[in-house]
Amino acid sequence: MDTKYLEIIKAPVITEKSANMAQNEGKYAFKVNPKANKTEIKQAIEKIFNVKVVEISTINEKPKKRRVGRYSGLSNRSKKAIVKLAEGQTIDLG
């Protein structure tokens with residue numbers, strides 16, 4: 001497996017909502033590199049998990065204001081990808 005694919009896909013998003021999406025709709029959520037496009041994300045998911053991707057939706061999350069003592073700033077920006085797999089395929093996240 002190529003390391004460039006592991007740089008694109010950072011981590012799965014494991015929440016109650018994402019678990020319901022995976023079980024009912026066959027959709028999985030991942031944190032991805034903010035510079036990655038849909039084609040790169042699709043190739044990375046297919047190579048890493050050996051599945052067929054049908055559809056991808058991406059969401060750019062804006063940085064939030066954070067404060068530590070008297071210092072204020074912004075959190076890092078991030079990107080999420082919601083991936084729909086072909087009928088009958090699953091990913092075991094865990």
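Some ground rules come before the tour. Residues are numbered from 1 along each chain as its sequence is written, and side-chain values use heavy atoms, with hydrogens and water left out. Since we're looking at a prediction, local features need pLDDT of at least 70 and side-chain atom pairs count only at pLDDT 80 or more, while totals for chains, interfaces and linings use all residues.

Let's start with the big picture. The chain has 3 helices and 6 strands (DSSP runs numbered from the N terminus: H or I of at least four residues for helices, E of at least two for strands). Read from the N terminus, the order is α-β-α-β-α-β-β-β-β. The C-alpha trace spans about 50 × 30 × 20 Å along its principal axes. Of the 94 residues, 28% are buried (under 20% relative accessible area; exposed is over 50%, partly exposed is in between, using a 1.4 Å probe and protein chains only).

Now for the charges. Side chains of opposite charge can pair when their charged atoms come close. The whole structure holds 4 salt bridges (a side-chain nitrogen of Lys or Arg within 4 Å of a carboxyl oxygen of Asp or Glu). One of them joins Glu61 and Lys80, with the closest N and O atoms 3.6 Å apart. Glu61 sits in strand β3 (residues 53-61) and Lys80 in strand β6, so this pair ties together parts that are 19 residues apart in sequence. Shared partners link Lys31, Glu61 and Lys80 into one network of salt bridges. Another bridge pairs Lys27 with Glu25 at 3.7 Å, N to O.

Finally, which residues line the largest pocket? They are Val13, Thr15, Lys17, Ser18, Met21, Ala29, Ile59, Lys80 and Ile82. A pocket here is an open set of points on a 1 Å grid over the protein atoms alone, where a 1.4 Å probe fits, with protein on both sides within 12 Å along at least five of seven lines; lining residues have an atom within 4 Å of a point. This one holds about 150 Å³ of space, and α2 gives the largest share of its lining, 3 residues.

Terms used. Points joined across faces, edges and corners; volume = space filled by probe spheres on them.
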